[in-house]
Amino acid sequence: MGLIKAFLMAATAYLKILPALRLRSIYNDLDFHEDEIHELASSGTAADELRMEQLAKRKRRCLEQIELIRSTYDHLD
């Protein structure tokens, strides 16, 4: 019985921090996209502009995911 209780407590703790772990991953992706956009902005070629547009879309999706997670789990502040 003690083993099951310990497992359930560990699983509960993991599920509580899972959103924070996901947020950290998304913030890392967001930083990568921002850095890549800044690097591409210096050249100004057509291919780089297209790549910047794609990265900007990904950045917006990251921000949407962050907003969704933070609104769902208000204890992450």
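1. Helices (H or I, at least four residues) and strands (E, at least two) are taken here as DSSP runs, numbered from the N terminus. On that basis the protein has two helices and zero strands. Its radius of gyration, taken over C-alpha atoms, is 19 Å, well over the 11 Å that the globule rule gives for 77 residues, so the protein is more spread out than a compact globule. The globule rule is 2.2 Å times the number of residues to the power 0.38. Along the principal axes, the C-alpha atoms fill a box of roughly 65 × 20 × 15 Å.

2. The model is predicted: local features need pLDDT of at least 70 and side-chain atom pairs count only at pLDDT 80 or more, while totals for chains, interfaces and linings use all residues. Residues are numbered from 1 along each chain as its sequence is written, and side-chain values use heavy atoms, with hydrogens and water left out.

3. Burial follows relative accessible area: buried is under 20%, exposed over 50%, and partly exposed in between (1.4 Å probe, protein chains only). Buried residues make up 19% of the 77 residues in the protein.

4. E64 is found in helix α2 and counts as exposed because its relative accessibility is 54%. The C-alpha atoms of E64 and Y14 are separated by 24 Å, the two residues being 50 apart along the chain. Y14 belongs to helix α1 (residues 2-41) and is partly exposed, with a relative accessible area of 44%.

5. A search of the whole structure finds one salt bridge, defined as a side-chain nitrogen of Lys or Arg within 4 Å of a carboxyl oxygen of Asp or Glu. K59 pairs in this way with E34, the closest N and O atoms being 3.5 Å apart. The pair links distant parts of the chain, with K59 in helix α2 and E34 in helix α1, 25 residues apart. Both partners are partly exposed, K59 at 25% relative accessibility and E34 at 27%.

6. Surface patches are made of residues with over 30% relative accessible area and no salt bridge; like charges are joined within 9 Å, and nonpolar side chains (Val, Leu, Ile, Met, Phe, Trp, Tyr) within 5 Å. Accessible areas come from the Shrake-Rupley method with a 1.4 Å probe. Y14, L15, I17, L18 and L21 make a nonpolar patch of about 450 Å².

7. K57, R58, R60 and R61 form a positive surface patch, where Lys and Arg count as positive and the charge is placed at NZ of Lys or CZ of Arg. K57 lies in helix α2 (residues 46-72) and is partly exposed at 48% relative accessibility.
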